[in-house]
Amino acid sequence: MDFWGKTIWITGASSGIGKAVAIELSSNNVTLILSGRKEEALKDTEKLCIKNGCQTVILPFDLGNEESIEEAAQFIKENNIKIDALYQFGGISQRSFVAETPISVDRKIFEVNYFGTIALTKKVLPQMIKNGGGQIAVTSSIVGKFGFPYRSSYSASKQALHGFFESLRAENAKNNIAVSVIIPGRIKTNISVNAINKDGKTHAQMDAGQDKGMSAEKCAKVICKKLKKEKKEILVGGSEVIMVHIRRFLPRLYYYMASRVKPL
Ligand SMILES: NC(=O)c1ccc[n+]([C@@H]2O[C@H](COP(=O)([O-])OP(=O)(O)OC[C@H]3O[C@@H](n4cnc5c(N)ncnc54)[C@H](OP(=O)(O)O)[C@@H]3O)[C@@H](O)[C@H]2O)c1
């Protein structure tokens, strides 16, 4: 994917990794569609992007609300915007034990991370196919590759994305659709602050582990470099990403570690 002159729709652009990716891409003469729920925060991202000479459209919507997704897709259609790439970073994390978490909280996490993401993808994909191809990226997590305490439905929602997007890739190779699954480790963003707890309220804390994570800016540079190469999986983070390899090649060590790990 040569970014130059392309139209790229970015979800999660109001904060963290999505915001940093928007800024990183903004010097490529791109048109960026910036989405998230918080319009004011999107305007902040827009200001930083415009400085680098790109075009922007702010399109706030809620991934947890089907009507809101439909309205956003309708806006794109009515304005004849041709999407070359859809990069999805919108998502929420979790901080609660299985035994204490009501099913409504599990559903809320899936609604945003899984159903919202695939609903948006389904709105964009047919048009992309008609236009002769494009690129779709979705953000999983290292816990999309293994289970982790305090993250049950978050981990499950991210693992579900792998199944969905691998299938989409296999179906659409013939349609020139490139699919990348981004797999971050610990990145220093507000993800733990915005994570939801057993009461469905925000965790409202910067966890110690999160605070020591890779910066969003460095993470965005790695992601953009690999999106350009259309890598199928983009693993990014610090030493914690080794857990993906431990889970795959040394499962007994993973089982031992996972039950003893400090979850915050
Ligand atoms: N940071 C990490 O260590 C880490 C690790 C693995 C995976 N990830 C994944 O990376 C992605 C970006 O997270 P981040 O670290 O940048 O965290 P963040 O700073 O909390 O950003 C999350 C983004 O998702 C958007 N979002 C949340 N709920 C939404 C909803 N209902 N509708 C629309 N947008 C919504 C937020 O925008 P609004 O608040 O404006 O809606 C925000 O822009 C997420 O998918 C996360 O799961 C992060």
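In this report, helices and strands are DSSP runs, a strand having at least two residues, and they are numbered from the N terminus. The model described here is predicted.

Once the neighbours within four places in sequence are set aside, Leu235 is in contact with Ile142, Ile183, Lys226, Val241, Val244 and His245. Between Leu235 and Thr189 there are 17 Å in space, C-alpha to C-alpha, and the two are 46 residues apart in sequence.

Ile182 is found in strand β6, residues 177–184. The relative accessibility of Ile182 is 0%, so this residue counts as buried. Leaving aside neighbours within four places in sequence, Ile182 is in contact with Phe89, with Ala137, Val138, Thr139, Ser140 and Ser141, and with Ile223, Ile234 and Val236. Ala41 stands 141 residues from Ile182 in sequence and 23 Å from Ile182 in space, taken from C-alpha to C-alpha.

**Two helix pairs**

Helix α1 (residues 16–25) packs with helix α8 (residues 216–228) at an angle of about 60°, and their axes are 8 Å apart. The angle makes α1 oblique to α8. The crossing in which α1 passes α8 is right-handed. On the α1 side, the residues that meet α8 are Gly16, Ile17, Ala20, Val21, Glu24 and Leu25. Their partners in α8 are Ala216, Glu217, Cys219, Ala220, Lys221, Ile223 and Cys224. By class, the contact of α1 with α8 consists of 9 nonpolar residues, 1 polar residue and 3 charged residues. Ile223, one of the α8 residues in this contact, is also among the residues in contact with Ile182.

The second pair is formed by helix α9 (residues 242–249) and helix α10 (residues 251–258), which pack at an angle of about 125° with axes 5 Å apart. The two helices are therefore oblique to each other. From α9, the residues Met243, Ile246, Arg247, Arg248 and Phe249 take part in the contact. They meet Pro251, Leu253, Tyr254, Tyr255 and Met257 in α10. The contact of α9 with α10 has 8 nonpolar residues and 2 charged residues, with no polar residues.

**Salt bridges**

A search of the whole structure finds 8 salt bridges. The table gives three of them.

| Salt bridge | Distance, N to O |
|---|---|
| Glu70 and Lys123 | 2.4 Å |
| Asp207 and Arg95 | 2.7 Å |
| Asp199 and Lys198 | 3.8 Å |

The side chains of Glu70 and Lys123 meet in a salt bridge. Glu70 lies in helix α3 (residues 66–78) and Lys123 in helix α4 (residues 103–130), so this pair ties together parts of the chain that are 53 residues apart in sequence. Glu70 counts as partly exposed at 34% relative accessibility. Lys123 is likewise partly exposed, its relative accessible area being 38%.

Asp207 forms a salt bridge with Arg95, and the pair links distant parts of the chain, 112 residues apart. Asp207 is in the loop between α6 (191–194) and α7 (208–211), while Arg95 is in the loop between β4 (85–88) and α4. Asp207 is buried, with a relative accessible area of 3%. For Arg95 the relative accessible area is also 3%, and Arg95 is buried.

In the salt bridge of Asp199 with Lys198, Lys198 counts as partly exposed, at 35% relative accessibility.

**Positive phi angles**

Most residues other than glycine have a negative phi. Where are residues with a positive phi, such as Tyr150, located? Tyr150 has a phi near 75°, a positive value in a residue that is not glycine. This residue, Tyr150, lies in the loop between β5 (134–139) and α5 (152–172). Ala204, which is not a glycine either, has a positive phi of about 60°. Ala204 is placed in the loop between α6 and α7. The relative accessibility of Ala204 is 51%, and Ala204 counts as exposed because the exposed class begins over 50%.

Notes:
Residues numbered from 1 in each chain as written. Predicted model: local features only at pLDDT ≥ 70, side-chain atom pairs only at ≥ 80, totals over all residues. Heavy atoms only, no water. Axes fitted to C-alpha atoms, helices over the stretch in contact; angles between N-to-C directions. Helix = DSSP H or I, 4+ residues; strand = E, 2+ residues; numbered from the N terminus. Parallel < 35°, antiparallel > 145°, perpendicular 65-115°, else oblique. Left-handed = near helix turned anticlockwise from the far one by under 90°. Contact = heavy atoms within 4.5 Å. Nonpolar A, V, L, I, M, F, W, Y, C, P; charged D, E, K, R; others polar. Salt bridge = Lys/Arg side-chain N within 4 Å of Asp/Glu carboxyl O. Buried < 20%, exposed > 50% of the residue type's maximum accessible area, 1.4 Å probe, protein only.
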